[in-house]
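Keep the viewer open as you read.

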Amino acid sequence: MADRYLNFTATAPGRFLTRRLGLPQPAELRRWSPERPALDGALLHLTAGSSALDLAPVLTRTGLRPGGADPAAVVLDATGVRDLDTLAEVHAALRPVVRSVATSGRVLVLGAPLDPADHHQSAAQQALDGFTRSLGKEIGRGRTVNLVRLTDAAAAESTLRFLLSPKSAYVSGQVVEVGAGEVAAPADWDRPLAGRTALVTGAARGIGEAVAGVLARDGAHVVVLDVPAAEADAHRVAERLGGTALALDITAADAGERIAAALPDGLDVLIHNAGVTRDRRLANMPAERWSQVLEVNLGSVLRTTDALLAKGALRSGGRIVAISSIAGLAGNAGQTNYGASKAGVVGLVRSLAPRALAEHGVTVNAVAPGFVETRMTAAIPLFIREAGRRMNSLAQGGQPVDVAETTAWLAHPASGTVGGQVVRVCGQSLLGA
Ligand SMILES: NC(=O)c1ccc[n+]([C@@H]2O[C@H](COP(=O)([O-])OP(=O)(O)OC[C@H]3O[C@@H](n4cnc5c(N)ncnc54)[C@H](O)[C@@H]3O)[C@@H](O)[C@H]2O)c1
């Protein structure tokens, strides 16, 4: 779906006029392509406080060259920030360089976990959260600002690479926690999912189709699951991606068992993407509208997850990613059913993540898209659609591929230290921020 306003502001008269009128200035985002897989330019590595992180080996593998002038990315290691004095070093380090960060570039702040025994450290580290979100709102020109809390750079390599790449173009204002521990580095970082099987529900079109495409690009054999009515589209997608189609209504009571039967060798990646809306204000919402949405978006996610884990169908090192929504975080008029279902997904992820990792070696995370340009959002009336598109720090809608790239990062074999996270792909939406 074309964003005509973005195209208009990219022209000289468009820029002039929209600036004079004080209207949003969306920049065209730089997304991943095979020809340009890395951000072009320099990476500036700064430190606030004294850090024990061994970042250099990971940063050299981002494809960015070390340097200072007009950086494509700035990494500020603030893990050593413990009090107000070291917090002031964050200001001192970034203030002189923030203007020079390239269009569609990255500012990545690295923080430490909050120390419950030290309220000065906790205050200073939590301050990074508000700092990151505020800078994200003011930096403009398609530049993103994110915070990663970590203790070990090697354990966070997949996360750092993702956030310092064009794959995270629409991810901003996020705080991600990465645990410590051994990670399984892939033999080939360009095809990390080679030899793995990934099942994506609702993959015949829209975001699910994009997720299947990115997982296939990353080397996975993809299983494109969708309702029997969408079987022809599912086959078309599967054929294009060298995968297989599975016609199945995910709300079927035995959906988990049927998936397990269709994949006797098990699977590595399970993406709960199928979702529906049946909007009505609560006072006018019949019970079937409520239950249809709860069944597809939450009931089936709970049931199939339970069935596949109980059967051991998800191999150790497996990944579950559920697609939530900012409607589940912020709420939305007319969507009590949808908001409840998508918030329920967050509850499931947070509760299950530690147990699934301990008992099955499987990580569980959620991705919460904001306004994404799909058939779902193309159907929204023009003015509401325009408002939805602009109400975020990047002043534009996301693309299905933005959700797909974020999902692929969480599905990555080296992302075993990322669990229980809810990552918004929303251009730092003002809703529920
Ligand atoms: N588009 C957005 O802006 C947006 C924003 C936030 C969250 N999301 C979420 O992202 C996911 C994908 O959204 P989309 O915009 O691509 O929607 P879409 O309607 O284009 O695609 C959804 C797919 O799910 C399939 N599906 C529906 N019910 C199913 C069932 N019972 N069993 C199997 N498949 C079923 C549909 O046939 C369809 O192919 C959904 O969970 C949605 O709630 C979308």
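The buried residues of helix 9 (residues 255–262) pack against strand 7 (197–201) and helix 10 (287–310); contact here puts two C-beta atoms, placed from the backbone, within 7 Å. Helices (H or I, at least four residues) and strands (E, at least two) are DSSP runs, numbered from the N terminus. This is a predicted model, in which local features need pLDDT of at least 70 and side-chain atom pairs count only at pLDDT 80 or more, while totals for chains, interfaces and linings use all residues. Residues are numbered from 1 along each chain as its sequence is written.

Which residues of helix 9 are buried? They are G256, I259 and A260, buried meaning 20 or more other C-beta atoms within 10 Å of a residue's own (exposed is 12 or fewer, partly exposed in between). Because these three cover an arc of only 100° around the axis, they sit on the same side of helix 9; the arc is that of the directions from the helix axis to the C-beta atoms.

Of its 119 residues, A198, V200, V211, L215 and V224 touch the most other members. Domain 1 (31–177) and domain 2 (197–425) both contribute residues, so this core lies between them; the bounds come from an automatic or database domain assignment.

Finally, look at a loop: D70, between strand 2 (65–66) and strand 3 (73–80), has a positive phi near 40°.

Key
A nonpolar core is a set of buried Ala, Val, Leu, Ile, Met, Phe, Trp, Tyr and Cys residues joined through C-beta atoms within 7 Å.
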